[in-house]
Amino acid sequence: MSLRYGLLGLLNYKSMTGYDLDAFFKKTIAFFWEAKTSQIYRELSSMEADGWLSSAIEIQTDRPNKKIYSITDKGRKELKDWLSRPEDDIEQILKTKNLMMMRIFFGGDSETESAKKLLTLCRDRYKEAAAKINVSDKKPVEADAKDKLFDRREFYWKMTADYGKGFYKAVAKWSEDMLKLIEREEDSQKDKGGGKTKRG
């Protein structure tokens, strides 16, 4: 359900084709809200049926015609109403499904190397993700001379970039710390004459 509000927010900046909106979505908010292209197109059809969007066909002679989506007054009202009700989604913040944590939780029943491989992959991927946000920490929308809200919007865009960088760096550091912890445990087992890295 919340995907449609993300799409409404982007279309509130400018009218776009489904193709352009999909690309814009991936460039701007995909790091904190994942959606497949098929989901985006499905939501566009649904929102148009609900009167939140309108569309117009742009005729092209040298290539396929374009279907341009625009937010309607009803859509703007829905977006504004949703933004004014943060309590609606606050419980969602604490709900998560994390396969990595599930694997780590039961890591005592597997080979130590499996946990180390998982943590190494996690560290490297999250470092890469943080670096990408550093690179793309620029204005997702260029300023228009008539856009009086641009500075205010940019202020909040940067908040999400800071969240992404902070989160990814924190997980990367946690992964690195856990790798060191496992290595210390391995050294401790060797000192005790053990060397057993799997329970059972």
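1. Helices (H or I, at least four residues) and strands (E, at least two) are taken here as DSSP runs, numbered from the N terminus. Lysine 80, for instance, lies in helix H4, which covers residues 73-83. At 63% relative accessibility this lysine counts as exposed, where buried means under 20% relative accessible area, exposed means over 50% and partly exposed means in between, with a 1.4 Å probe and protein chains only. Lysine 80 and tyrosine 5 are 75 residues apart in sequence, yet their C-alpha atoms are 9.7 Å apart in space.

2. The model is a predicted one, in which local features need pLDDT of at least 70 and side-chain atom pairs count only at pLDDT 80 or more, whereas totals for chains, interfaces and linings use all residues. Residues are numbered from 1 along each chain as its sequence is written, and side-chain values use heavy atoms, with hydrogens and water left out.

3. On the overall make-up, the protein chain has seven helices and three strands, and along the sequence these follow the pattern α-β-α-α-β-β-α-α-α-α. Of the 200 residues in the protein chain, 29% are buried. The exposed surface comes to about 14,400 Å², with carbon and sulfur atoms supplying 54% of it; accessible areas come from the Shrake-Rupley method with a 1.4 Å probe, and for residues only the protein chains shown count as cover. Among contacts with a separation of 6 or more, 59% are between residues 24 or more positions apart, contact meaning heavy atoms within 4.5 Å.

4. The three strands form an open sheet in the order E1-E3-E2, with antiparallel pairing. E1 and E2 stand at the edges, each with a single partner strand, so one side of each has no neighbour in the sheet. Two strands are said to pair if DSSP finds at least two bridges between them. Strand E1 (residues 16-17) pairs with strand E3 (residues 66-71) over two bridges, with methionine 16 opposite tyrosine 69 and threonine 17 partnered by isoleucine 68. Strand E2 (residues 53-58) pairs with E3 over six bridges, and here alanine 56 stands opposite isoleucine 68.

5. The largest nonpolar core has 20 residues, and those with the most contacts inside it are Leu8, Leu11, Leu21, Phe25, Leu44 and Leu53. A nonpolar core is a set of buried Ala, Val, Leu, Ile, Met, Phe, Trp, Tyr and Cys residues joined through side-chain atoms within 4.5 Å. Two or more residues of this core come from each of helix H1 (2-11), helix H2 (18-28), helix H3 (37-49) and E3, and H1 gives the largest share, six residues. Leucine 21 touches Leu7, Leu10, Leu11, Met16, Ile40 and Leu44, not counting residues up to four places away in sequence. Apart from this core lies another, of five residues, including Ala129, Ala130, Ile133 and Ala161.

6. Serine 175 may also be worth a look. This serine is found in helix H7, which covers residues 150-191, and counts as buried at 0% relative accessibility. Leaving aside neighbours within four places in sequence, serine 175 is in contact with Leu119, Cys122 and Arg123.

7. Turning to the aromatic rings, those of Phe, Tyr and Trp (its six-membered ring) pair if their centres lie within 6.5 Å, with planes under 30 degrees apart counted as stacked, over 60 as edge-to-face and the rest as tilted. The count by this rule is 10 aromatic pairs.

8. The charged end of arginine 4 sits over the ring of tryptophan 52, 4.7 Å from its centre, and lysine 14 lies over the face of phenylalanine 24, at 5.2 Å from the ring centre.

How values were computed. Lys NZ or Arg CZ within 6 Å of the ring centre and 35° of its normal.
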